[in-house]
Amino acid sequence: MKLKFSVLAIACFTFVACEQPTTKEAAKSNKAQGENSFVDSVLASLSVEEKIGQMTQLTLDMLVVGPAYVAEEPHTIDPARMDTVFNQLHVGSILNCAGHSYSREKWLDFHRSIKQYTDSSRSEIPVLYGIDAIHGVTYTDESTLFPQQIALACSWDTAMAKRMGAITAYETRASGIRWNFSPVLDIARDPRWPRFWETFGEDVLLVSEMGESIIDGYQGDEIGDDHVAACLKHFLGYSQALSGKDRTQAWIPERQLREYFLPQFEQAIDAGAMTIMINSGEMNGIPVHVNKTILTDLLRTELGFEGLVVTDWEDIKYLVSRHKVAATYKDAIEMSINAGIDMSMVPVDYDFPVLLKELVDEGRISEDRLDLSVRRILQVKYDLGLFGHEVPTVEDYPDFASDAHKATALEAAKESLVLLRNEDVLPLSRNQKLLIAGPNADDLNALNGGWTRTWQGDDASLNTPGKFGVFGQLQQEGVAVELWAGNANGLSSKAKGKDAVVLVVGEKPYTETPGDIESLDLPKDQLDLIEAAGELNTPVILIVVEGRPRTFNLPDQVDAVMLAMLPGDFGAEAISAVLFGEHNPSGRLPFTYPRYASSHATYDHKHTDLISPTFGTDAFNPLFQFGAGLSYSEYEYSNLTLSSDTLSLDDELELKVTVSNVSEISGKETVQVYVTDLVATITPSVKRLRAFQKVEIEGGENVELTFTISMSDLAFVNESLDWETEPGEFNVQINNQTASFWIK
Ligand code: NOJ
């Protein structure tokens with residue numbers, strides 16, 4: 001999907017001119033002149049202060065009564081603050097909530113109050129409101145909560161990503177908001193990173209395809225009443241800190257940056273993504289917020305991005321207080337704006353616009369530079385139909401949290417579960433007696449993860465009514481299940497008389513810096529529980545609910561392992577459906593699950609990563625492989641054929657393979673095509689995922705699948721930083737089917 005800015009803008013322009021009272025004179029007089037003249041005329045009418053206001057984004061905390069971060073309950077608009085923010089500072093963008101979710105009615109009230117101020121301002125420019133609706137519109141009470149990105153990636157289902165994006169966009173619009181700070185296109189190649197779960201995993205192709213699909217859902221072909229602007233995060237190189245901790249230094253050579261970190265952003269920009277948020281961290285010693293090479297040369301000149309660039313939270317100030325590249329806030333503003341920032345997510349002070357005005361007065365930032373950014377901001381507002389908009393009513397969005405939306409979220413949750421071991425224990429039967437234990441046995445917040453009704457997602461009082469953790473769900477369903485909150489010592493006596501033990505371990509919700517850890521191992525009490533479970537005579541099903549692959553020793557005696565990577569509000573229903581065989585699991589790992597805390601390599605590692613201390617080639621030994629996942633069906637692969645075994649550089653290769661469901665149970669199989677470049681001037685990976693397809697196959701049926709791979713899909717970034725496919729021999733691997741071909 002490529003959002004055509006020009007076509008869209010013309011369509012909106014007609015609407016603006018006919019129906020929108022705001023700046024209507026300018027709109028009318030410019031109607032004949034084409035799509036940009038409206039934006040140009042608004043821009044031309046603005047004072048320097050008003051332009052600077054457009055570049056300023058504050059948090060809702062700055063509009064309500066009480067200090068930032070601890071607003072007085074119930075959160076109420078403060079007229080004095082509104083006057084400062086809109087009448088004196090002309091602020092053009094607001095974000096987030098002041099700490100927790102609100103009802104839709106309350107959201108719409110906030111928007112009406114804001115609109116009153118902007119409508120009566122001189123410029124009448126509407127506010128662009130942004131929010132982190134990262135797995136559904138998380139800050140609106142009772143919205144439909146989907147799996148988090150990493151769980152969605154476990155489905156390998158791009159169509160589902162689009163459906164989730166579309167429903168999230170609808171419910172975000174139903175909350176009066178048109179800008180979503182999503183998706184995260186950072187690549188998760190280090191499991192220590194606390195935002196691992198906000199990504200689509202470790203592989204460039206999977207991240208790129210899921211990313212484009214969800215953006216397609218958010219933005220549609222053209223922005224209509226049900227769409228929002230996507231915001232690609234976090235440009236660029238955020239996920240690979242040396243320490244594994246949030247917002248700490250990354251060293252990423254440009255060759256690797258271009259091969260692993262950039263392609264997904266490029267694909268999303270080509271797909272029409274309207275906005276981008278910048279990485280808060282530093283890369284190679286330079287905070288990205290002041291890196292003109294990244295923000296202007298790469299993003300604007302090379303990738304041709306024309307949309308809006310917003311900072312992350314307080315990141316201009318952090319150039320002084322954390323990064324120490326600027327002595328004063330004013331210097332930091334100068335550096336970042338001149339590097340290419342359009343809008344500052346300030347978001348909790350009133351100094352940014354004042355200091356930026358001083359910089360313009362002193363000639364340190366030109367008015368032309370302001371115009372460049374303000375034009376982009378106004379264009380996004382225009383493309384989103386904000387000029388002259390009405391705040392919707394609750395009735396305008398009757399499908400908010402509808403049964404259909406919930407059914408899709410449940411389907412997504414089911415598809416996100418990954419069954420990694422099953423020694424003839426699953427599915428269980430509904431009349432078995434179960435013991436359920438472990439710290440996540442009855443925790444809905446753990447299933448949802450961060451950014452759920454609050455930033456950290458840890459306030460159970462705000463959870464969706466009628467939604468449960470695993471124990472609560474099983475109880476609702478009438479299963480004979482006992483909950484046990486004890487430690488490893490008591491497990492075996494508690495398990496007596498039970499038909500199976502379901503042990504639910506993992507992580508509690510977190511995001512960003514509060515999610516930093518000192519060891520990838522699960523906490524000791526959980527490691528002990530898993531060990532104790534391995535000694536039971538009763539069948540054990542281990543369910544791991546977590547946002548990153550935490551390491552643990554997996555005893556052979558644990559009969560089944562299911563991974564639930566933050567499946568969301570419907571996670572417990574989905575888990576129950578898999579436990580009792582009412583849903584046939586189809587999730588596959590979008591990352592490599594390490595066996596040991598200090599030994600991690602991604603699936604597309606290099607051959608040198610294989611060398612073990614005894615000089616064998618078995619050093620890559622993860623607990624579970626990228627792409628792994630079991631089903632209640634059984635599949636067999638056969639008849640891999642290639643259209644040719646000798647190709648030239650501009651050819652396409654057609655691959656055919658037959659997949660048979662040799663069981664009686666219908667299921668979904670994700671067919672993964674890996675290619676190995678046997679010899680190359682840049683050390684080749686042992687394999688790279690080059691195509692995938694998820695297919696449903698009835699019990700006893702076969703399907704023949706066709707994949708087309710261009711030789712340019714096999715390129716790598718060479719020493720001169722160009723993409724290149726080198727002639728030579730390549731191997732193809734699809735499950736147990738292999739073949740080879742030559743590029744001559
Ligand atoms: C900080 C986070 O890094 C970013 O992902 C988020 O969108 C912004 N804050 C706004 O909440």
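Predicted model: local features only at pLDDT ≥ 70, side-chain atom pairs only at ≥ 80, totals over all residues.
**Between domain 1 and domain 2**

One salt bridge I can show you is that of Arg-688 with Asp-604, where the closest N and O atoms are 3.8 Å apart. If we turn to polar contacts between domain 1 and domain 2, the count is nine residue pairs, with both residues at pLDDT 80 or more. The side of domain 1 that touches domain 2 is made up, by class, of two nonpolar, four polar and four charged residues.

Let me step back to the layout. Domain 1 covers residues 403-610 and domain 2 covers residues 635-743, and their C-alpha centres lie 33 Å apart. Ten residues of domain 1 are in contact with 16 residues of domain 2, and the area buried between the two domains is about 1100 Å², with carbon and sulfur atoms giving 43% of it. On the side of domain 1, the residues that lose the most area to domain 2 are Arg-588, Tyr-603 and Lys-606, which together account for 44% of what that side buries.

I would like to finish with Arg-255, which is found in helix 10, residues 254-261. Is Arg-255 buried or exposed? Arg-255 counts as buried because its relative accessible area is 13%, under the 20% cut-off. Its side chain makes a polar contact with the side chain of Glu-259 at 3.0 Å, and the Arg-255 side chain also reaches the backbone oxygen of Val-717 at 2.6 Å. Leaving aside residues up to four places away in sequence, Arg-255 touches Lys-606, Ile-682, Val-717, Asn-718 and Leu-721.

Conventions: Residues numbered from 1 in each chain as written. Heavy atoms only, no water. Domains from an automatic or database assignment. Contact = heavy atoms within 4.5 Å. Buried area = accessible area lost by both parts, 1.4 Å probe. Salt bridge = Lys/Arg side-chain N within 4 Å of Asp/Glu carboxyl O. Polar contact = N/O pair within 3.5 Å; in protein donor to acceptor, adjacent residues only side chain to side chain. Nonpolar A, V, L, I, M, F, W, Y, C, P; charged D, E, K, R; others polar. Helix = DSSP H or I, 4+ residues; strand = E, 2+ residues; numbered from the N terminus. Buried < 20%, exposed > 50% of the residue type's maximum accessible area, 1.4 Å probe, protein only.
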